[in-house]
Every structure is written in C-alpha cells, then in structure tokens.
Amino acid sequence: MNQQIDDAQIDVLDPATGDVVGAVELATVDNCIDAVERAAAALESWRQTAPRERAELLRAAFELMQERKQELARLVVSENGKALPDALGEIDYAAEFFRWFAEEAVRIGGELRVAPNGDKRIMVTKHPIGVSLLITPWNFPAAMATRKLAPALAAGCTTVVKPASETPLTAVAIAQLLADAGFPDGVVQVVCPRPTGPAVRAMMDHPATRAISFTGSTEVGAQLLGQAAPRVLRCSMELGGNAPFIVHADADLDVALDAAMVAKMRNGGASCIAANRFYVHDAIRGPFVEALAERMAALPVGAGLEPGVAVGPMVSQGERDRVATLVDAAVTRGAALLCGGTVPEGPGWFYPPTVLDDVSPDDELLATEIFGPVAAITGFGDGDDVLALANATEDGLAGYVCAGDLARALRTVDGLDVGIVGVNRGFVSDPAAPFGGFKASGLGREGGHEGIEEFLETKYVAVDWS
C-alpha cells in the first residue's frame, strides 16, 4: 500500500523509504456530494464567463505552474517516486495543457448554413456540458489532472477531481494553484475518498453531474461505464494499453534503440503508452537485444531526488511485487533474462530495469500491461505477420514502428489498430495532439482540438428570417 488511513486523513508515503511525506483530508460520501453541489452552484456564473476571461485564467495557471516547477516536481517525486528528471518533464507537459486550452477556449466554434431545401437556416452552437467528475491515476499525478481540468474549464464546465489515493498531494497543489490564478470558488474542487467506489457512485448518481472523465485500468473503466449508463452520462475513458514496438530489418539501430529507451523507460515504464511488447526482426534482433540490455542495465536506480538517478522506485509495494511476479513467471516459461529481474534488498519499492528475450508470442506476459521497467522481446522473420502479432489484443492505445524505409513504416502504421503511433521516435505525447485509443483502450480523445469537445454539447437551432 502507498497510503495509511484513519478516520480523518490519508497519509501519503514516499515509495523510496516508506516514510510519511504528507496527508490529505479523508472525504466522506457526504463530503463528495457537497463538492458536486458546490460545483453545480458555481456552474451558471462560470459558463457565462467570457471565453477570453476563461482563457486568461488558464494562461495565468500556465505561468504559475512554470514558476512553481521545481516545487511541484519535488512533490511529485515525494509521493510517486519517479526520478526528478521525469517529474520535471511531467510538470512541463502538465503546464502545456493550460496554455493549449487557454488558446482553445476562445475558438469554440459553431456553424450557420442554409438548409438544402431552403426553408430555414441551420444554426449550430456549442455549450458546456456541466458539472464534470474527473478521476485521475497515480502515474502522472500532475499531467493527468491538467489534461482533464484544462479542457473542462476552457469549455465553461465546473469540476470535481478525484485523484488516486496513492498520489493526492499533487492534485491538491494544482487546485491551490488554480485558486491563486484567480479561478472562482466552486469551479475546481478535489476530493479524496477511501474507499472510492461508494463515493464515486454517489457523485455519478447526483443529478447535477453530467460528465465523467476517467484514466485508469480497462476493468475499472468498464465498471464506470456500467454505472454511467442509467443516467446516460457523457463518458471519456482513457484506459489500458499494451503497446507493440516493431523494429523492421532495415531500421537504423541507433534510432531504434533511442526510441525504445524513451518508449519503454519514460516514467520508469509506468505509462499507458509505454512500449510493452517488442517485436524485432531476426536480421537485427541480436545487436538490438544486446545493446538494449546494455543500456537498460546502465540506468542508475535510486531515490528520485538523488543526483543522476534515472529510475526511481515503483509507486507501491503491491505494484513492485506484481511486476516481479510477471517477470519470474515469464522466466519459468522459458524467457531469457538478460538484465535485472531481481528485487533489491533494503527499504523502498525498487525494481531494476529488466530485459527478457525469447518471449514466446503467446506468452501470458505479452497479454499483460506490465506498467514497469521491463522490456519483453519477441523475434519475427520475413514470413511472419507482425501486424497480426501486434493487433492480437483488445487494447489499442499506442504503438511504435522503426524502419529505414518510410513507406514500409507507414504501411505498418496503417495496419496497426491503435490510436497513437510513433514512427522512429519514442516520445509521442503532445497537448496539441488527440490522445486516445481504439478498441478497449477507451472512448473519446484528450488534448488537441478534439479534447474540448468532450466537455461541450451541440445545440441545433432552426430559424428563418427571410
């Protein structure tokens, strides 16, 4: 566990030591209902606020986040465990959502056209959907909050944020930052219930709630979709990933390795778009595997604030033990362990960067979202259908393709059943791009021009002034 709970608060633990680093108020179901009602009370005033004013507040939030970058990054490290360079990168990424949607707030569109039969005008307008419940995970406690908050606020919605109980401190700090930027009372609130299920259900059942945006596992997302059905809530779901990383025979080895290290080890592998299954052509597999294992083994592991550390601890003992069990089972089934694979002694929930080769295409490990610093490698030859291997999952969030011939790469991209693809690169996230998946990896998109649409309703007006 990464938290200790009493009747009044949730103590948050440092994954590197197990020590308490902070606490948040434990919200009851009644507290959560009160938060929804405060958001409902603030809605009419906020939705009537001029788009430019909403934009200026979001811009102010961006600037404050940049000013507080070091402080926020260290807070992320303290409760999440990630290495400081990863945390600093996350704060930059998180802040960009405020800047991007500050610009989108003043570009909410509409349409006016003559009906085909000429009897009227068709006028289309956009309106904020209303009170929005935002549920965020522990792996990016800042960025997942701003990726939901920024478009909701830009659209004119009021919000209730329910962060992961492992990492609530960052969400509380961001809510305070938004208040300091000038957002009115009731527009942004954070609740930290435990257990979460009854409180989330109560907030979803409240008549003021009109939308839910969730990032987390496919299993929990499916449960929330079922709970949303009776009230027909607008649902935005960014769910599990199992990203394939395909290396063709003509790939530039150094380019492929650079991309692999980023796609696999950004955030210590705890990313829904992390490279999970490496399919490497046999012609290049030997040197690729050898060099990847060398690079992975060289990554310094330690507490996130220590100088030079590249990989911090995992967020909790449960997460660390889950990954260790996955690796041990794969080795037992015949996978070759090239580096890592051993839980270190001492305090903290550390797990070393690990490379497994000769993983069978039908191994259970490849059907699992590892969510940790483990690269599982499978070879393929000229006669193998690598797209069939890559698409053999219900998940379809992200994928990666490395090839020297751009046409070959793009043919592979066309065949991948995923919503996000990196070609000869491992970093793909961008607030200006639509983020979301195919199949069981979710509904809707976050970021880009599309992100604000998740928080808008479309109204059609028939009018004739001839």
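Which element gives the largest share of the lining of the largest pocket? In this predicted model, that element is helix H8, with four residues.

## The largest pocket

The largest pocket holds about 940 Å³ of space. Its lining is made up of 34 residues, and those nearest the centre are Trp138, Phe214, Gly216, Ser217 and Val220. Two or more lining residues come from each of H7, E9, H8 and H11. Among these elements, H8 provides four residues, the largest share of the lining.

The volume of the largest cavity is about 150 Å³. A set of 19 residues lines the largest cavity, and Asn267, Gly268, Ala270, Pro313 and Met314 are the ones nearest its centre.

Helix H7 spans residues 196–205, and its buried residues include Ala199, Val200, Ala202, Met203 and Met204. Several elements take part in covering the buried residues of H7. Two of them are helices, H1 (29–48) and H8 (218–228). Strands E6 (131–135), E7 (159–162) and E9 (209–215) are also part of this cover. Pro195 is located in the loop between strand E8 (188–190) and H7. The peptide bond that joins Arg194 and Pro195 is cis, with omega at about 5°. Most peptide bonds, by contrast, are trans.

## Salt bridges

The model has 22 salt bridges. One of them joins Arg147 and Glu238, with 2.9 Å between the closest N and O atoms. Arg147 belongs to helix H5 (residues 143–155) and Glu238 to strand E10 (residues 234–238), and the pair links distant parts of the chain, 91 residues apart. Arg147 and Glu238 are both buried.

Another salt bridge pairs Arg333 with Asp363, and its closest N and O atoms are 2.7 Å apart. Arg333 sits in the loop between helix H11 (317–332) and strand E13 (336–339), while Asp363 sits in the loop between strand E14 (354–357) and strand E15 (374–380), so this pair ties together parts that are 30 residues apart in sequence. Arg333 is partly exposed, at 40% relative accessible area, whereas Asp363 counts as buried at 9% relative accessibility. Salt bridges with shared partners also join Arg147, Lys148, Glu238 and Glu446 into one network.

A further salt bridge connects the side chains of Asp119 and Lys120, at 3.2 Å from N to O. Asp119 is partly exposed, with a relative accessible area of 40%. Lys120 is also partly exposed, at 22% relative accessibility.

## A buried lysine without a salt bridge

Lys264 is part of helix H9 (residues 253–265). Lys264 is buried but forms no salt bridge, and Glu369, the nearest side chain of opposite charge, is 9.1 Å away. A polar atom of the Lys264 side chain lies 2.8 Å from the backbone oxygen of Val374.

When neighbours within four places in sequence are left aside, the contacts of Lys264 are Gly269, Ala274, Ala275, Asn276, Phe278, Met296, Gly372, Val374 and Ala375.

Most residues other than glycine have a negative phi. Asp358, which is not a glycine, has a positive phi of about 60°. Asp358 is found in the loop between E14 and E15. With a relative accessible area of 45%, Asp358 is partly exposed.

Phe371 also has a positive phi, near 60°, and is a residue other than glycine. Phe371 is likewise placed in the loop between E14 and E15. The relative accessible area of Phe371 is 14%, so this residue is buried.

## Glu53 in helix H2

Glu53 lies in helix H2 (residues 51–67). Its relative accessible area is 48%, so Glu53 is partly exposed. The C-alpha atoms of Glu53 and Ala102 are 9.4 Å apart in space, and the two residues are separated by 49 residues in sequence.

How values were computed
Residues are numbered from 1 along each chain as its sequence is written. This is a predicted model: local features need pLDDT of at least 70, side-chain atom pairs count only at pLDDT 80 or more; totals for chains, interfaces and linings use all residues. Side-chain values use heavy atoms; hydrogens and water are left out. Buried means under 20% relative accessible area, exposed over 50%, partly exposed in between (1.4 Å probe, protein chains only). A salt bridge is a side-chain nitrogen of Lys or Arg within 4 Å of a carboxyl oxygen of Asp or Glu. Lys and Arg count as positive and Asp and Glu as negative; His and the chain ends are not counted. A polar contact is a pair of N or O atoms within 3.5 Å; within protein, one must be able to donate a hydrogen and the other to accept it, and residues adjacent in sequence count only if both atoms are side-chain atoms. Contact means heavy atoms within 4.5 Å. On a 1 Å grid over the protein atoms alone, a cavity is a set of points where a 1.4 Å probe fits but cannot get out, and a pocket is an open set with protein on both sides within 12 Å along at least five of seven lines; lining residues have an atom within 4 Å of a point. Grid points are joined across faces, edges and corners, and a volume is the space filled by probe spheres set on the points.
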